[in-house]
Amino acid sequence: MRRRAEELHKCNDGEEVEVWGWVRNRRRHGRLVFIDLRDSTGVVQVAVKGGIADDESLEKASSIRKESAIKIRGYVVHDPRAPGGVEVRCTKLEVIGESLDDYPLRKGVGAKVLYDNRHLYIRSPKITALLKIRSNLIGAVHEHFRSKGFYEVDCPTIITAAVEGGATLFEVNYFGSRAYLTQSVQFYQEAAIYSLEKVYSVQPSFRAEKSRTTRHLTEFWHVEAELAFADLETLINTVEDLVHNVVIRTEELSEKELKILGRKIRTEEVEKPFFRIKYEEALGILREHGLDAEWGIDIGADEERIISSEFDRPVFLTHFPREVKAFYHRLDPTDRRVTLSADLLAPRGNGEIVGGGVRIHDYDELIERIREFQLDPNDYKWYIDLRRFGSVPHVGFGMGIERILKWIIDLPHVRAACLFPRTTTRIYP
RNA sequence: GGGCCCGUAGCUCAGAUGGUAGAGCGGCGGGCUGUUAACCCGUAGGUCGUGGGUUCGAGUCCCACCGGGCCCGCCA
């Protein structure tokens, strides 16, 4: 009977099993060969011994290359000398798909080799664990939104006008006319709330900015949501619930994978409530740290680090000046210098993980803000049109999957959270 | 767009002050029935990223380019 690597410790001594998988490593001792056999559930040691296995199997075990796919027939033995306390004594080894060359990855290879061989590197137990955690996290996002009455919508990724600015879009030749890859599905979701009221999506966004830091990807997975009949307070509570529940749930689902990675998700970091400070208060904190924080400055990486190091839980930064936020942010009716916006900073200098705010629902205010940013209202015709037919106050936000992962499992770079990352310098494999 | 750093064997790296190259791992051959990134013995493998310059002589100094990494701006 075929067994998975992770099931073998539950088997009785002497139980006959088949294990199918890939040769992770091999150690030869003459007529005794150890194979670390890997499948999607883990790694198990196979002992191929002369006298137990037939000579053909022993010879094959002795010469087989790393990452060859093989089928082992044998019996289970609990043996303290085996890693994990259990191994399979092989009676018959069968090759399914042999490695045709020496495997290019081994201990000690550098980041470039690993990313050049990402198609192979993702087989490693650590990357396998990481991909499972990512899958658990995205599952938790869907669980959360569905339990809160949101509908999932699927929005186009080929668009004609920018959401943020103009300079950071990837251009696409669309049958001879100019189109772009989307940076955000926000505008489409804003349309969808007039049908479904509460919507969310998980899909890729594209940013062409030539940013080369450990927090940037040119293609990243974006959780976005939009809510009708909502204000800033509702937005903040919605984001707080989402981040709290998703991190807690991911930790629950990923116990085994976290052990493999040697990581611990600090669930105490997502205890509610998160901190909430206004832009103006943030300037005060910066001044206490000796910075010349004038009204109107944007909160950059250095500033974010200072602010987030003041708190041991995530911090909402709200009420940014109108000049530093995109045109669609609603101005605060009680102080028109600022927007009703909220960014969420992760602890320990992990920076912005969520950006959101109240959207402008008033027709005239939207036109005014588009002009203020020297954009052409004709580029946003249908978006503006939404304000002409039953417009309601609404809010929305975007959250970066890879940034959440980088934060909660201490990754060195957001690209480590991707199956095949896309950065300014990497589009292959 | 701005700043800093790196490129030497398949991989990870060492090669002060200029004198034409080394180690470990991996590969290959041999040995080994309890290893855990196995070990032991032997062995092959490099126009030093590319192009140009300085010099009697360049892996080493200078310039340009290519490839990669980090930080900032910008963002999730």
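## Around helix H10

What covers the buried residues of H10 includes strand E14 (331-332), strand E15 (335-339) and helix H11 (381-385). Helices (H or I, at least four residues) and strands (E, at least two) are DSSP runs, numbered from the N terminus. H10 itself runs over residues 363-372. Its buried residues are Glu 365, Leu 366, Ile 367, Arg 369 and Ile 370. Buried means under 20% relative accessible area, with a 1.4 Å probe and protein chains only.

At the start of H10, a side-chain oxygen of Asp 362 lies within 3.2 Å of the backbone nitrogen of Asp 364. After H10 comes Gln 374, with a positive phi near 55 degrees.

## Model and conventions

This is a predicted model: local features need pLDDT of at least 70, side-chain atom pairs count only at pLDDT 80 or more, and totals for chains, interfaces and linings use all residues. Residues are numbered from 1 along each chain as its sequence is written, chains are lettered from A and ligands numbered from 1 in the order in which they are written, and side-chain values use heavy atoms, with hydrogens and water left out.

## Overall fold

Chain A holds 12 helices and 18 strands. Its C-alpha trace spans about 85 × 55 × 40 Å along the principal axes. Of the 429 residues in chain A, 50% are buried. Take the contacts (heavy atoms within 4.5 Å) between residues at least 6 apart in sequence: 66% join residues at least 24 apart.

## Nonpolar cores

A nonpolar core is a set of buried Ala, Val, Leu, Ile, Met, Phe, Trp, Tyr and Cys residues joined through side-chain atoms within 4.5 Å. The largest has 49 residues. Phe 145, Val 243, Trp 407 and Ile 409 touch the most other members. Leaving out residues up to four places away in sequence, Phe 145 touches Phe 150, Tyr 200, Val 223, Ala 225, Leu 242 and Phe 397. A second, separate core has 23 residues, including Leu 8, Ile 64, Ile 70 and Cys 90.

## Helices H8 and H9

The axes of H8 (residues 279-288) and H9 (residues 301-309) come within 10 Å and cross at roughly 90 degrees. H8 is therefore roughly perpendicular to H9, a label for angles of 65 to 115 degrees. Ala 282, Ile 285 and Leu 286 in H8 meet Glu 303, Ile 306 and Ile 307 in H9.

## The Ser 211 loop

Ser 211 sits in the loop between strand E10 (198-206) and strand E11 (219-228). Not counting residues up to four places away in sequence, Ser 211 touches His 216 and Thr 424.

Technical notes:
Axes fitted to C-alpha atoms, helices over the stretch in contact; angles between N-to-C directions. Parallel < 35°, antiparallel > 145°, perpendicular 65-115°, else oblique. Polar contact = N/O pair within 3.5 Å; in protein donor to acceptor, adjacent residues only side chain to side chain.
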